[in-house]
Amino acid sequence: MLMQNAAATDTRPRTAPAPVVALDAITKTFPGVTALSDVSLELHPGEVTALVGENGAGKSTVVKILTGIYRPDHGTIRVNGAPVQFAAAQDASRAGITAIHQETVLFDELTVAENIFIGHAPRTRAGLINTRRMRTRARALLDSIDAEIDVGVRLRDLGIASKHLVAIARALSIDAQVVIMDEPTAALSHKEIQELYALVERLKAQGKAILFISHKFDEIFRIADRYTVFRDGRFVGAGPMAEVTEDALVRMMVGRSVETIFPARARKPGEIVLQVEGYSHPTEFEDISFSLREGEILGFYGLVGAGRSEVMQALFGITRPSRGTARIGGTAATIRAPAQAIRAGIVYVPEDRGTQGAIRGLPIFQNVTLPSLRRTSRHGFLKLAEEFRLAREYTGRLDLRAAALDQALGNLSGGNQQKVVIAKWLATRPRVIILDEPTKGIDIGSKAAVHEFMAELAAEGLAVIMISSEIPEILGMADRAIVMREGRIAAEVAGGDLSPEILVRHAAGITQDAQ
Amino acid sequence: MTALLKSREAILLAAILALLALIAARFPGFVAPSNLVRVFTDTSPLIILALGQMCVILTRCIDLSVAANLALTGMVVAMLNTAAPDLPVAATLAVALALGAVLGAINGVLVWKLDIPPIVVTLGTMTIFRGLIFLLSNGKWINAHEMSASFTGFPRAEILGVPMLAWIAIAAVLLLAVVIARTPLGRAFYAVGGNPHAAVYTGLNVGRTQFFAFMISGALAGLTGYLWVARYSVAYVDIAGGFELEVVAACVIGGISIMGGIGSVGGALLGALFLGVVKNALPVVDISPFWQLAISGSAIIIAVAFNAQSSRGRGRVILRRAEHRT
């Protein structure tokens with residue numbers, strides 16, 4: 001922890017050419033959360049700046065401020081030295097700032113040329129779209145980045161890498177000075193990544209300022225000229241890449257004061273309840289093996305897209321593995337549908353409550369009893385009194401404060417919805433509970449309650465799998481952690497050896513001898 | 001939510017009562033008990049079909065083939081009756097329900113197993129069913145004199161001064177109310193329509209649930225097919241042509257969300273009654289029946305606008321709202 005904040009601030013470049021865009025002391029808060037606190041960021045022409053930080057460090061918020069989607073509460077944005085305010089996304093793009101997102105925001109049913117020029121297509125004198133000029137100019141733009149894509153094909157017929165190229169051509173078409181690349185390589189193959197690097201070099205040569213957001217250290221060291229590190233919405237450090245080591249970057253990313261208090265737990269795992277052997281999937285993961293004991297909390301750490309959720313979804317019967325076996329309590333289990341998994345005693349609390357967990361239109365009690373209707377009905381008819389009893393029992397255990405159990409779930413806060421979703425699963429009396437990012441996007445108070453509750457569940461002998469991208473959560477809650485990277489298990493780390501550095505290293509694929 | 005639904009039904013009920021009061025002010029005869037029974041009986045087919053349609057819409061699907069199913073089943077039972085005039089009514093009812101259910105199950109299987117959008121499936125089967133009627137009947141009509149007295153008499157037979165057709169509608173309302181509120185299947189309709197992804201994670205089989213909704217809708221359409229043909233004592237290719245839109249309209253007016261997951265038996269009933277009252281009142285107050293279309297159309301738009309208003313602001317992501325604000 002050599003880099004203290006004050007010292008790090010001084011490493012900010014003073015001698016570099018004037019920045020195209022500079023964020024100065026930006027603060028952005030959302031109800032209950034401070035997403036960014038007094039952060040600064042400079043982007044220089046002809047240079048790649050890597051923005052580094054854990055999940056929740058505030059990277060996406062910065063992107064949204066730069067592209068005019070959010071307005072900062074305090075602080076100034078300067079473009080070419082002059083303070084500006086972006087009232088809307090169009091203002092940012094007019095100022096020459098453009099972002100290429102993880103999932104490119106383009107139109108599948110339109111042609112490449114139409115995508116590049118949507119919103120600012122060349123017009124004929126009559127005001128109609130000048131198709132011929134549009135196609136010629138699109139061709140020229142694509143040629144300038146060496147992209148051999150037919151301007152007439154529809155976007156949906158292109159691969160992700162080609163879509164990126166189209167997005168970049170679009171950025172060039174509006175004469176962008178700043179190109180933001182938010183995890184551009186997440187979905188690309190090795191060859192495509194090489195092509196992207198070449199493209200970044202060309203953009204640099206054209207004098208564009210590039211903000212490159214990535215979790216992958218090899219990429220950052222390969223193409224970035226400068227780095228800026230954020231942690232928990234604060235600026236930690238910045239400087240030229242040449243003057244920093246992987247170790248120093250990792251330490252800047254994770255070195256934190258432990259603000260969240262995690263419940264103390266007696267760790268005494270019992271019998272093995274779940275044994276997974278050689279689980280594989282044609283595209284998502286390969287050769288996943290692990291075991292889980294009663295009363296144990298097993299953390300799954302990794303970058304977004306490492307395949308953690310996909311493994312769990314296969315285990316829960318949403319998808320089917322191509323190979324591998326799962327044994328529950330010593331007997332082989334065939335799980336082809338979620339209903340079978342629930343009967344076998346495995347439940348999965350999905351990450352995305354809105355789309356996968358909660359049914360907002362249904363009352364709270366009906367959400368809770370939905371997977372347990374077999375138990376709350378007799379002769380095929382539901383018994384409402386029994387449903388209420390079950391719902392009251394489990395929401396009560398989670399300390400849910402709701403006025404009435406028959407109000408719609410959608411009326412509750414995010415944290416309380418999460419509690420209802422967890423209560424729903426507990427009511428099925430599972431043996432293994434899989435929690436996918438259980439505290440993502442909920443307020444601190446609810447977070448603590450969920451952690452407390454996880455500890456209680458484990459103490460009662462339930463086996464818990466916790467997928468988390470938050471290092472403190474893994475360190476604070478898990479008895480053991482499995483780190484996944486690119487669909488495989490990169491490491492299994494037992495309690496005593498757990499440290500932020502180890503997790504980040506394995507997740508980012510930094511080899512030990514690089515130390 | 002339930003309070004909101006209840007109040008929405010209350011509003012609809014108030015609208016129907018206001019309409020009746022308005023008409024009664026000038027034509028007191030319209031609200032005489034005997035006429036109200038007549039109006040209810042006349043609306044019964046719409047009520048029964050709306051109940052089935054409600055199940056389908058709840059699961060985020062739509063069944064455009066109900067009227068064609070009705071016509072095909074009606075034609076089949078009419079032909080059966082001409083071939084075997086002594087077949088008891090109970091058997092005819094069983095055949096109508098079973099055939100309707102099979103036709104509905106075809107829709108259901110196509111939606112479930114082939115994953116085709118329901119609007120496309122039922123648009124297709126709608127045309128196929130109509131075509132089948134033509135093939136079966138060679139385009140000929142089956143008229144009153146070809147049907148047996150017991151066949152045509154059943155829907156009109158009165159108990160306590162109320163025709164059997166109306167009693168069947170009442171029974172269907174009660175039955176569906178139980179299915180919807182008190183069975184795992186009914187609950188699954190709401191869950192599947194309210195959030196199909198979450199339903200999958202909860203261990204519900206979305207396709208299978210939708211299949212059963214289509215089967216219920218089909219069975220009720222088949223039942224109505226017999227009642228319709230018997231009541232009007234005629235069967236031909238085009239009976240109940242375009243009626244499926246009226247059925248969907250009744251559901252929408254009744255507050256059943258076309259996006260699935262929201263609705264009630266009471267809503268479907270009141271939606272159908274509203275259309276029934278309008279339809280029967282217009283000739284009485286001497287307004288061209290063409291106005292009926294305009295009135296139903298306006299009622300649909302008002303109902304949908306009302307639904308959209310009441311569901312706004314519910315369960316939105318905070319950050320997304322912040323995005324809009326800034």
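Guide: D38(A) counts as partly exposed because 14 C-beta neighbours lie inside 10 Å; a residue is buried with 20 or more other C-beta atoms within 10 Å of its own, exposed with 12 or fewer, and partly exposed in between, the C-beta atoms being placed from the backbone. This is a predicted model, in which local features need pLDDT of at least 70 and side-chain atom pairs count only at pLDDT 80 or more, whereas totals for chains, interfaces and linings use all residues. Residues are numbered from 1 along each chain as its sequence is written, and chains are lettered from A and ligands numbered from 1 in the order in which they are written.

D38(A) belongs to strand 2 of chain A, which covers residues 33-43; strands (E, at least two residues) and helices (H or I, at least four) are DSSP runs, numbered from the N terminus. Beyond its neighbours within four places in sequence, D38(A) is in contact with A25(A), T27(A) and R234(A), a contact being a pair of residues whose C-beta atoms, placed from the backbone, lie within 7 Å. By comparison, V153(A) is 115 residues from D38(A) along the chain, and their C-alpha atoms are separated by 45 Å.

Buried residues make up 48% of the 515 residues of chain A. Where contacts in chain A link residues at least 6 apart in sequence, 69% of them join residues at least 24 apart.

Definitions and conventions: Two residues are in contact if their C-beta atoms, placed from the backbone, lie within 7 Å.
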